[in-house]
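Try each task before you read its solution.

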Amino acid sequence: MTTVGVLAETAGRERRVALTPEVAGRLRKREVDVLVEAGAGRRAWFDDIGYADAGATVVTRELVYAGSDVLLCLHPPEDLAAAARPGQLVIGLLGRAPALAPGVRAISLDRLPRTLSRAQAMDALTSQANVAGYKAALLAAEAYPGYFPLLMTAAGTTRPAQVLVLGAGVAGLQAIATARRLGAQVTGYDVRAAARGDIASTGAAVLDLSGPAADAEGGYARGLTEDEAETQLRGLAAAIPRFDVVITTAQVPGRRAPLLVTAEALKGMRAGSVVLDLAAADDGGNVEGSIPDTRTVTDGGVAVIGAANLASTVPAAASTAYARNLLALLTHLMPRGEVVLDPGDEITDAVLVPERGDGEDDGEDHA
Ligand SMILES: NC(=O)c1ccc[n+]([C@@H]2O[C@H](COP(=O)([O-])OP(=O)(O)OC[C@H]3O[C@@H](n4cnc5c(N)ncnc54)[C@H](O)[C@@H]3O)[C@@H](O)[C@H]2O)c1
């Protein structure tokens with residue numbers, strides 16, 4: 001019988017947990033044993049009693065490591081290299097090349113072939129980006145000093161907020177949809193031709209800077225050339241001042257997030273405007289000067305919110321979706337109750353981190 005173990009996340013601000021009591025119960029029905037580290041779900045509002053009621057066994061971290069065939073997590077656990085045993089399989093959003101002790105295998109959901117329809121139920125990048133995009137619109141609305149919707153009251157009519165969403169992948173489209181539900185007038189922008197159709201299908205307006213389409217493989221964007229990027233920055237700087245709220249979500253795989261909103265563009269915005277950067281990172285995001293997990297206000301009165309890891313701030317919904325992604329993956333890997341790592345299977349082959357010496361790439365994403 002296979003034993004699946006759930007580790008508490010070790011990253012400081014992380015509130016999500018890899019498995020919920022709901023999915024623990026569904027694994028138990030498939031005769032899979034489940035070990036849960038005590039307190040693992042606490043910050044997502046899943047208490048130990050819920051896991052025990054679902055048939056899981058709540059134990060110490062040491063016992064999870066000692067007793068599990070499969071370890072579940074979100075981020076790579078700090079103690080993974082030291083604590084995991086040969087023969088164990090670790091599954092999470094581990095990046096392309098997590099540090100592993102010899103004999104430990106890893107599946108990283110970052111490697112999932114996302115356009116494969118069979119893999120969609122396992123797509124944790126999508127489920128978590130959806131949560132982040134939703135929360136981005138809420139945070140921006142909260143920071144904005146006006147209403148999002150048009151309101152007709154006895155005291156007169158308020159105009160709706162003008163919201164611009166830059167980058168219309170999974171997170172961007174969810175931010176667009178959420179801002180529209182809140183009543184804002186929303187415009188979306190992306191460099192991929194396919195994304196422009198996606199924006200239009202939400203009912204939002206499409207900002208057209210008449211640049212070249214930059215679609216690349218797998219539904220992702222390619223990096224722009226220097227000239228293209230400069231033209232884009234100029235076009236955006238001209239468009240941005242008419243918006244009250246800008247939400248940025250642009251990413252290019254294997255590269256730093258593209259700069260889309262310069263300090264100059266921020267200067268053109270009205271006082272009280274809000275710019276939320278979902279791509280905020282220590283090495284720079286989509287907005288010049290944005291700092292992860294920090295809200296700053298420019299001299300011109302524009303709030304700049306660096307919003308890193310927003311999925312963690314909606315921990316119950318994000319954990320629920322993530323745990324269901326893992327259930328779909330585990331069901332795929334365990335057709336008869338035991339884990340089978342079949343390299344001939346397209347999904348397994350893609351998500352399995354190559355063992356050192358397998359001769360694939362070095363796992364690093366090169367710009
Ligand atoms: N089942 C499926 O087929 C499936 C599932 C999930 C995602 N996808 C697709 O995968 C793709 C990637 O989605 P994602 O959300 O992970 O993307 P992502 O996080 O890599 O990037 C977010 C968005 O930023 C855009 N972007 C990049 N550079 C930009 C720039 N300079 N200016 C403006 N926008 C820029 C990208 O085009 C993308 O839409 C999308 O096409 C999505 O529809 C498909």
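**Exercise 1: Placing Ala38**

Task: which residues does Ala38 touch, once its neighbours within four places in sequence are set aside? Work out as well whether Ala38 is buried, exposed or partly exposed.

Solution, step by step. Keep in mind that this is a predicted model.

- Start with the contacts: beyond the neighbours within four places in sequence, Ala38 is in contact with Asp48, Val58 and Val59.
- Next, find Ala38 on the chain: it sits in the loop that runs between strand E2 (33-37) and helix H2 (48-53).
- Ala38 has a relative accessible area of 43%. Buried needs under 20% and exposed needs over 50%, so Ala38 counts as partly exposed.
- Finally, a distance check: from Ala38 to Thr262 you cover 224 residues in sequence and 46 Å in space, C-alpha to C-alpha.

**Exercise 2: Around the ligand**

Solution, step by step.

- Turn to the backbone. A polar backbone atom of Gly169 is 3.1 Å from a ligand oxygen, and one of Val170 is 2.7 Å from a ligand oxygen. For Gly219, a backbone N or O atom lies 2.7 Å from an oxygen atom of the ligand.
- Then check the cover: on its own the ligand has 830 Å² of accessible area, and the protein covers 85% of that.

Methods:
Residues are numbered from 1 along each chain as its sequence is written. This is a predicted model: local features need pLDDT of at least 70, side-chain atom pairs count only at pLDDT 80 or more; totals for chains, interfaces and linings use all residues. Side-chain values use heavy atoms; hydrogens and water are left out. Helices (H or I, at least four residues) and strands (E, at least two) are DSSP runs, numbered from the N terminus. Buried means under 20% relative accessible area, exposed over 50%, partly exposed in between (1.4 Å probe, protein chains only). Contact means heavy atoms within 4.5 Å. A polar contact is a pair of N or O atoms within 3.5 Å; within protein, one must be able to donate a hydrogen and the other to accept it, and residues adjacent in sequence count only if both atoms are side-chain atoms. Accessible areas come from the Shrake-Rupley method with a 1.4 Å probe; for residues, only the protein chains shown count as cover.
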